[in-house]
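Hi everyone, thanks for coming. Please have a look at the model on the screen while I talk.

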Amino acid sequence: LLAIGSDLVRVSALNSASSVEGNLLVVGREGAEVTSSNGQVFDISGDLLASSRAFGVVGSSLQDPTLINAAGGTALIDVLNGGDMTISGNALVTADAVGGADESSFEAGSATGGSAQIGAAGGIISILGDTTVSARARGTTQVSLISTGAISTGGLAQIFLSEGGSLTADSIDLIASADAAATITGTNGGDAFAGLSQAIIEGGSTLTLADFSLDATASTTAGGETSAGEALLMVGTSGGGGQVAVTDRVTMAADATGGDLNIAGRFEVSATSGQVSTANLIGTALGEATGDFAESRLGAVGGDILVSNALSIDVFDSFIVEAGQGNLIGGPDLIDPTVAIDITSQGTIVFLGDNDDAIDFGGLSMTLTSRDIAIENGARIGAVTMDLVSLDETAPAILGGEGTPSGEVTGEGYTLIAEEISRLEVGSFTFTQPVLPGAGTDDPDIILREATAFGSADPNGG
């Protein structure tokens with residue numbers, strides 16, 4: 001079944017149960033919506049497409065030069081007030097934009113992603129196949145003598161579950177990326193600005209998946225610049241807690257690549273009430289510079305972030321880990337932890353907490369690689385094996401002594417003061433510091449000051 005129009009096109013199960021045998025394709029230039037509400041059932045036996053994509057015109061000597069630009073509309077699946085929607089195949093919700101080109105003036109058109117969303121406010125959505133929610137922007141794909149790429153700006157790709165709503169699917173990809181790469185070798189890329197890839201789960205709602213990815217990356221080629229966006233997973237933001245259960249992997253990416261200047265974005269997993277659980281959590285926010293965003297972070301103050309196999313983080317900026325109110329990041333069980341934790345930051349890894357006596361960030365193994373570390377009052381981190389690795393090659397590392405966790409002292413590099421050491425709970429511990437380039441043979445790479453550490457080779461203590 002195809003429903004198509006130049007304005008807003010909506011297909012709804014509003015006052016009676018509805019079904020579609022085979023695929024349902026809803027295409028609207030301004031908007032495309034598929035909804036179910038008021039307790040009605042909507043069954044689709046095939047795939048679902050809700051599309052409000054835009055394509056810039058490719059041509060020569062265009063009378064209206066703005067026709068080469070493209071801006072996505074609004075694409076939406078919305079189930080509310082007791083509605084129940086089942087999609088037996090795959091689902092694609094897209095508000096992508098692809099720029100055009102004027103071949104006579106060698107000018108590329110801009111592309112601006114729109115808004116692509118899945119919402120369930122008190123409704124139930126079941127998708128048996130794979131799901132893509134996309135508001136990406138792509139510069140012209142025309143292979144011709146386009147001298148310079150235009151601006152590509154990603155839009156909003158979002159899942160919003162509230163009021164006890166639920167969404168179950170095999171996999172979901174949220175994409176708000178931007179790509180402004182040149183199509184001909186030797187020509188300049190355009191500027192790419194990624195958008196917002198976001199999932200909000202609140203009010204007793206549940207999200208159940210096998211795989212989940214949130215993409216806010218930006219890419220181009222030489223001559224252009226990139227700025228990555230934000231990838232956010234927010235659980236229990238208001239109206240009560242939420243539950244996110246991902247069997248295999250949560251992947252969050254806010255990387256900027258390919259340009260003359262690449263500004264890293266940020267990602268965040270926040271559980272202020274409820275729980276996020278997965279086997280693997282992978283987050284990246286890479287680039288060569290920082291912009292206006294705050295640092296990437298994991299936050300579990302009021303809720304838990306539980307990972308059973310691997311927690312892997314790689315960021316250009318500093319990275320923040322905050323837990324409190326007796327909640328945990330890692331684990332998933334502190335009595336028998338299984339997760340391998342690996343965090344790399346080109347800045348400082350900061351730990352925040354509210355109870356010095358209880359581990360709030362821990363796992364089986366932990367490798368923390370950074371230019372500095374700050375374990376603030378109230379935080380406590382633990383692992384059976386822990387490796388701290390310094391990336392600072394400008395000054396000796398300081399282990400022990402007095403100071404403040406986040407304090408910086410002229411002439412000191414990576415600093416782990418005695419107060420911070422006392423907040424580590426480990427079976428075995430190693431620290432690695434690079435050899436300082438240009439230092440004299442008698443100059444230290446590590447300075448040891450007074451500190452007290454407790455440990456035992458006996459697993460039973462003693």
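A quick word on the model: it is predicted, so to speak of local features we need pLDDT of at least 70, side-chain atom pairs count only at pLDDT 80 or more, and totals for chains, interfaces and linings use all residues. Residues are numbered from 1 along each chain as its sequence is written, and side-chain values use heavy atoms, with hydrogens and water left out.

Let's start with Q433. You'll find Q433 in the loop between β48 (424–432) and β49 (446–448); strands here are DSSP runs of E, at least two residues, numbered from the N terminus. Is Q433 buried or exposed? Q433 is buried, because its relative accessibility is 11%, and buried means under 20% relative accessible area, with a 1.4 Å probe and protein chains only.

What does Q433 touch? Leaving out residues up to four places away in sequence, its contacts include Y414, D445 and I446, where contact means heavy atoms within 4.5 Å. The side chain of Q433 also makes a polar contact with the side chain of S390, at 2.8 Å, and reaches the backbone oxygen of D392 at 3.1 Å. A polar contact is a pair of N or O atoms within 3.5 Å; within protein, one must be able to donate a hydrogen and the other to accept it, and residues adjacent in sequence count only if both atoms are side-chain atoms.

Now to strand β7, residues 48–51. In a regular strand the side chains alternate between the two faces of the sheet. In β7 both faces are covered: L48 and A50 are buried on one side, L49 and S51 on the other. β7 runs parallel to β4 (residues 24–28), joined by 4 bridges, and pairing takes at least two DSSP bridges. L48 stands opposite L24 there.

Notes. Buried < 20%, exposed > 50% of the residue type's maximum accessible area, 1.4 Å probe, protein only.
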